[in-house]
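The following exercises ask the reader to examine a structure step by step. Each task is followed by a worked solution.

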Amino acid sequence: MWNRPRFDLKVRLTLRVAAVSAACFAAISAYFLVTADSAAHARIDGIAAIVAKTLELQQGKIQWVASPRSDFPNLDPVSAHVMTPGLCLGFRSASGDMLQRFCSGAPAPASPPPQAFAAFYRSLFDPGREAARPVIVRGTKLGETVVSVDPAVQTAEAWHEAGRLMIALAIALPLLCALVYAALARALRPTRMIGNGLERIAAGDLTTRLPPFDLAELSAIRDVFNHLAESLDTALAERNELTRKLIALQDEERRHLARELHDEFGQSLAAIRALAASARQTAAQDCPGLLGECDSIARTATGMMETLRGALFRLRPPDVDELGLVASLEGLVSGWNGRSRGQTRFDISFEGAFESVPASVSANLYRIVQEALTNAAKHAGATKVSLHLTMAESEIALAIEDDGRPNEAAVKSGMGLLGMRERVAALRGRLSFETGPHGSALRVVIPLAAADGQALEHAA
């Protein structure tokens, strides 16, 4: 998948609002510029019409008086009333000669427009365009009046109008972005709560629920979240119950197999040893050469009996309900110390009172310790295994550490790590297994409240 940069939603939406606002301000500025240009051209068109009408009246007066002396065209009377800074008035004859022209000076602007704006404005609006109106007397065109405005003056006026909008934009846009960001931050504040809820769900806390929200969209997410949490909690409870029943069935099958081995195979081995002893007595009298074979048969039967005892001990451990968790685990560790013959040292320590531990927790902890010690001693090649069991008010914690080498067989053998996880999950607990260059560590935490509930359900 592509790694795209991630931006905060509030920042992204604020930037979009800023872009839209800037576009709106640009459109308003363009509207004002177009309106100002249209108004300027309408004004000079009106001045040109007034000047043309005035010259027509002058020519008509001259012809009515029949004055031999003519000062036509005379722009002085009208220029005194219509002249503005940068405005130029002129009369062009029918032959194209400029007979008279007046231009008013334009003061230097206090803040001249930038060259870029001036070039942009001139390319779009043609500020120096002339407005011409014909002067017609008795159907004869005498010429035309010409009115124009200095392009620099019109550009400066446009910049003055646009500058006010830019100042307003410079003030309003940051303020608008700050207000939008604050509003979005307030509206999206529940998303942190949703994120925390998802993290708690991922950590296994399926009791997490979200409160109602003001926004309809977030309320819909809240409904889906709570429904998902309830569904997961129900599914996990059903799965744990099924796991508990499967584990109970597995333990029952192990006990049944242990009884069968003890009653059938154990008695057969005992009979073989007895027959070997009887045959040895007979051979000692009649055939001394068979004494070695008889002793070999007896040794083989004795070895098989020892192996059978170990298998029976693993299949059917001592009754944890009668002996208690502490005594059972101490016996298990003592047995491993005896069988390892010094190759692996097993240590166990307890912290707290374990008399009130539910039977289901005790049995499962015993099985977990049994499997972990087997993996550490037989598969990881550990020389030292430490077991520490801690009892608190609300939970019981188990820690098993060894100095063995990492080995997948230690995880996959027998019940393996998967079986341990299933036992812990059935009690609503947590399990972690870490391996490193100096050994491995298994940690189990089981809440006693959940375990008590499981025990009551099982008893019911």
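**Exercise 1. Determine which backbone oxygen the side chain of Ser21 reaches, and describe the surroundings of Ser21.**

Solution. Step 1: the side chain of Ser21 reaches the backbone oxygen of Val17 at 2.8 Å. A polar contact is a pair of N or O atoms within 3.5 Å; within protein, one must be able to donate a hydrogen and the other to accept it, and residues adjacent in sequence count only if both atoms are side-chain atoms. The model is predicted: local features need pLDDT of at least 70, side-chain atom pairs count only at pLDDT 80 or more, and totals for chains, interfaces and linings use all residues. Residues are numbered from 1 along each chain as its sequence is written, and side-chain values use heavy atoms, with hydrogens and water left out.

Step 2: Ser21 belongs to helix H1, residues 9-65. Helices (H or I, at least four residues) and strands (E, at least two) are DSSP runs, numbered from the N terminus.

Step 3: Ser21 counts as buried because its relative accessibility is 10%. The classes are buried (under 20% relative accessible area), exposed (over 50%) and partly exposed (in between), with a 1.4 Å probe and protein chains only.

Step 4: when neighbours within four places in sequence are set aside, Ser21 is in contact (heavy atoms within 4.5 Å) with Leu173 and Leu176.

**Exercise 2. State where UniProt places the feature "transmembrane region", and describe the chain there.**

Solution. Step 1: the unreviewed UniProt entry places this feature at residues 13-34 and 165-184. Its positions are given in the numbering used here, feature names are shortened, and annotations may be inferred rather than shown by experiment.

Step 2: residues 13-34 are 100% helix and 0% strand, and their end C-alpha atoms lie 31 Å apart. Residues 165-184 are likewise 100% helix and 0% strand, with end C-alpha atoms 27 Å apart.

**Exercise 3. Give the order of the five strands in the open sheet and explain why one side of E5 and of E8 is left without a neighbour.**

Solution. Step 1: the order is E5-E6-E7-E9-E8, and the pairing is mixed. Two strands pair if DSSP finds at least two bridges between them.

Step 2: strands E5 (345-351) and E8 (430-436) stand at the edges with a single partner strand each, so one side of each has no neighbour in the sheet. From one strand to the next, the twist averages 10 degrees.

Step 3: strands E7 (residues 395-402) and E9 (residues 439-447) run antiparallel and are joined by eight bridges. Within this pair, Ala397 stands opposite Val445 in E9.

Step 4: helix H9 (residues 325-340) packs on the sheet, touching E5, E6 and E7, and its direction makes about 165 degrees with that of E5. Helix H12 (residues 416-426) also packs on the sheet, touching E8 and E9; its direction makes about 150 degrees with that of E8. Axes are lines fitted to C-alpha atoms, for helices over the stretch in contact, and angles run from 0 to 180 degrees between N-to-C directions.

Step 5: E8 and E9 pair in the antiparallel sense over seven bridges, and a hairpin joins E8 to E9 through two residues. Arg430 stands opposite Val445 in E9.

**Exercise 4. Locate Arg428 and classify it as buried, partly exposed or exposed.**

Solution. Step 1: Arg428 is found in the loop between H12 and E8.

Step 2: with a relative accessible area of 35%, Arg428 is partly exposed.

Step 3: phi of Arg428 is near 60 degrees, a positive value in a residue other than glycine. Most residues other than glycine have a negative phi.
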